[in-house]
There are 2 protein chains.
Amino acid sequence: MSQLMDSESPVKRSLTRDSVLAAHTLIKPHIHQTPVLTNKTLDRICSTPRAPNKLAPKINLYLKCENFQKVGAFKYRGAVHALLHLQNGTSSLPGAPTNQTHSPTILTQSGVITHSSGNHAQALALAAHTFGIPATIVMPHISTPAKIAATKGYGARVIFSGSTATERESVVAQLMSEKPGVVLVPPYDAVDIILGQGTMGIELAEQTAPRKLDAVIAPVGGGGMLSGLALAFSGTGTRVFGAEPSFQGADDCKRGLEAGRRVEHVSSLTIADGVRTPVGVLPWSVISAPGMVRGVFAVGEEEIRMAMRLIWERVKIVVEPTAALGVAVVLFDEGFREMVRVEVEREGRDEWDVGVVLSGGNVDLDAAGALLARGVGQWEVGRGLGVVGVDGDCEPRVQDVAG
Amino acid sequence: MSQLMDSESPVKRSLTRDSVLAAHTLIKPHIHQTPVLTNKTLDRICSTPRAPNKLAPKINLYLKCENFQKVGAFKYRGAVHALLHLQNGTSSLPGAPTNQTHSPTILTQSGVITHSSGNHAQALALAAHTFGIPATIVMPHISTPAKIAATKGYGARVIFSGSTATERESVVAQLMSEKPGVVLVPPYDAVDIILGQGTMGIELAEQTAPRKLDAVIAPVGGGGMLSGLALAFSGTGTRVFGAEPSFQGADDCKRGLEAGRRVEHVSSLTIADGVRTPVGVLPWSVISAPGMVRGVFAVGEEEIRMAMRLIWERVKIVVEPTAALGVAVVLFDEGFREMVRVEVEREGRDEWDVGVVLSGGNVDLDAAGALLARGVGQWEVGRGLGVVGVDGDCEPRVQDVAG
């Protein structure tokens, strides 16, 4: 009986820091340990008041560059983690073969499926290609040709659907009924995905040691990354914060935490296109748990755009709008800034060390011109910022090499 | 008498590999050891025939990311090297105080001067600011506001001139006559500058050890960097190549080597604006010496633009057009590609390891839209390239941290 139970129920894996550590050990040979960059100019700008009547905290940023991850985004971590467990017969995904029933044939024949128009599509496509597992990706027919080409380029079968969640899901359901044994690998609402994304936190802590980061801030869309980071840093003393766009209600996580209840629907066309989704059920269970996430802050579209441009201009790296959310909060959210200032003072410290996750670099370069264009809110050197531009340097730290 | 001689003549420093090594030891605490990045997709594209009737060499690229250097360009190396020798009374620059006459007062009062509209202006401004030396930068009045602001932001005094070389030089001459003791720090035509730029070669070799690079390719404008690299790699077995734009005769180094005589005038508006100048006298003496530089290759404007876009898109870093010259040669110059293919075959090897210097990242983001726009020559995934886009990964290697 217990044998039968095992073969029918998925493996239970707990949402704990130890599980994130185990995930890191498992996926380490397959991912890039992305570099952590620092930049004195960015620190100086962050540590300068935004307006004459404001005070500024003293902040040092540590940029975890997941734009340098395989496929150009952190999503590869979760996808690889999920597939390794599938291969090992230790997956926690519904319908996955367990130790007892596991056969490589199942995976090489039926494969995996997901729906995504973004980085998860490419991440799953490449991870599946690497492990020789067939992948089917359901993409909205309105996806940009570049994204479709990239996903196909990674060897996946692309099936088109309508653009609403209902339309996508019905296509997935139909494909799954046609192909028994195919396993759905969701973009964020799964234990193995959350644990995989959390591994970036383990790396970040290792790379910045012996310094202990005072805080880490990361974008929150479906919440896989934020919940993973919260687990990775739980009990370490490093506070975890989320960053969201406020445009058209995309700040569902912030609003949900304020209301004490998950927001289930979001319909926003924020330029931070990686976080247009509501937080998933499992990520929410972590994010909303006491002491896990210390706060979520929301910023406007122009602030995201300015932060993105500043990163391109000063750090000399390509990041997508979503990836600029954390820097935008540190630069522009007076609530966050005042909180840091007060904490620094209360603790008798000089400054805070803040890790910021730059989640990805998959921006459409054809559209980049408009995104980068000098607008009303253009960042001017010296505009109420005191001395800036004294050096545009970038200090890479502790950057081991994945082969 | 010999004392008097010493105090009047500048320090002699030889153009040798040992001098580059000494320069590296001297400037190491003041510069960033920039990372060396690799990228499997770029390698795959380089190792794919450009046309059905062509053969492809197998090439692995090692990108030396000087866009991550202070001020966003390699020029900081030469500027810091020149100023450290000035401070120490060991400068080889004409008019520099020597050991006997050296007084910190001279430097803190009269300072340094140069003319540049590009990265050397910002490099000298920041280096001088760091050492507390006043800097005067003569810039053409047509320089972009961003460049003027950046140079002023680094604390330099900016004086405007006409846009021709004659106009610039006459303004510099006048300023020097008004301020006795001021020392001219030229952008490339000086021993201390050449040795400073060469230090990137020492780092690159260290970072890629124990592998010995088969070749290194770098942009050539005034030739400070290419001559420095030639010295750094002399006697090591690593071949050094130059990369130039062909537009409007900007390939003066290539033409000069073919004719056996330095080309003295260039008037080109190539998008690779860092290399619009002819090779200087001293750099030429190194570059044209037997066995120092194995060849110089020239590429078209569209090829530079495509290479630049490919670096932004795949490596996720911001580079200026000039910085894309080396990659453009590796991708598009069939002369270079055929040479590599033949050499690899002749040596019974499988592939070549090629270091490519990405010289800087100071691109005007307002103009980036046009530079990046999808044009006739747009890079299409799969366009005659076999399987590409299978992973957009980036492997950072051996990236020690300057504090």
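This predicted model holds zero disulfides over all its chains. The exercises below start from that count.

**Exercise 1. Cysteines**

Solution. 
- Step 1. Recall the bond: a disulfide is a covalent bond between the sulfur atoms of two cysteines.
- Step 2. Set the cut-off. The two sulfur atoms must lie within 2.5 Å.
- Step 3. Cys46(B) is buried, with a relative accessible area of 0%. In chain A, Cys253(A) is buried, with a relative accessible area of 0%.

**Exercise 2. A sheet in chain B**

Find the strand order of the open sheet in chain B, and its edges.

Solution. 
- Step 1. Read the order. Four strands run E5-E4-E3-E6, and the pairing is parallel.
- Step 2. Pick the edges. Strand E5 (157–161) and strand E6 (183–184) of chain B each pair on one side only.
- Step 3. Go inside the sheet. Strand E3 (residues 112–115) of chain B is joined to strand E4 (residues 135–140) of chain B by four bridges.
- Step 4. Thr114(B) has Ile137(B) in E4(B) as its bridge partner. For His115(B), the bridge partner in E4(B) is Val138(B).

**Exercise 3. Around strand E4(B)**

Decide whether E4(B) is mostly covered or open, and name a helix lying across it.

Solution. 
- Step 1. Count. Six of the six residues of E4(B) are buried, leaving the strand mostly covered.
- Step 2. Sort the sides. Ala135(B), Ile137(B) and Met139(B) point one way. Thr136(B), Val138(B) and Pro140(B) point the other way.
- Step 3. Helix H6 (residues 119–131) of chain B lies across E3 and E4 of chain B. Its direction is at about 170° to E3(B).

**Exercise 4. Two helices in chain A**

Describe how helix H9 (residues 191–208) of chain A packs with helix H10 (residues 224–232) of chain A.

Solution. 
- Step 1. Two packed helices are described by the angle between their axes and the distance between the axes.
- Step 2. Apply them. The angle between H9(A) and H10(A) is about 55°, and the axes are 7 Å apart.
- Step 3. Classify. H9(A) and H10(A) are therefore oblique to each other.
- Step 4. H9(A) passes H10(A) in a right-handed crossing.
- Step 5. List contacts. Residues of H9(A) that meet H10(A) include Ile194(A), Leu195(A) and Met200(A). On the H10(A) side, Met225(A), Leu229(A) and Leu231(A) are among them.

Key. Residues are numbered from 1 along each chain as its sequence is written. Chains are lettered from A and ligands numbered from 1 in the order in which they are written. This is a predicted model: local features need pLDDT of at least 70, side-chain atom pairs count only at pLDDT 80 or more; totals for chains, interfaces and linings use all residues. Side-chain values use heavy atoms; hydrogens and water are left out. Two strands pair if DSSP finds at least two bridges between them. Contact means heavy atoms within 4.5 Å. Axes are lines fitted to C-alpha atoms, for helices over the stretch in contact, and angles run from 0 to 180 degrees between N-to-C directions. Buried means under 20% relative accessible area, exposed over 50%, partly exposed in between (1.4 Å probe, protein chains only). Angles under 35 degrees count as roughly parallel, over 145 as roughly antiparallel, 65 to 115 as roughly perpendicular and the rest as oblique. A crossing is left-handed if the near helix is turned anticlockwise from the far one by less than a right angle, and right-handed if clockwise.
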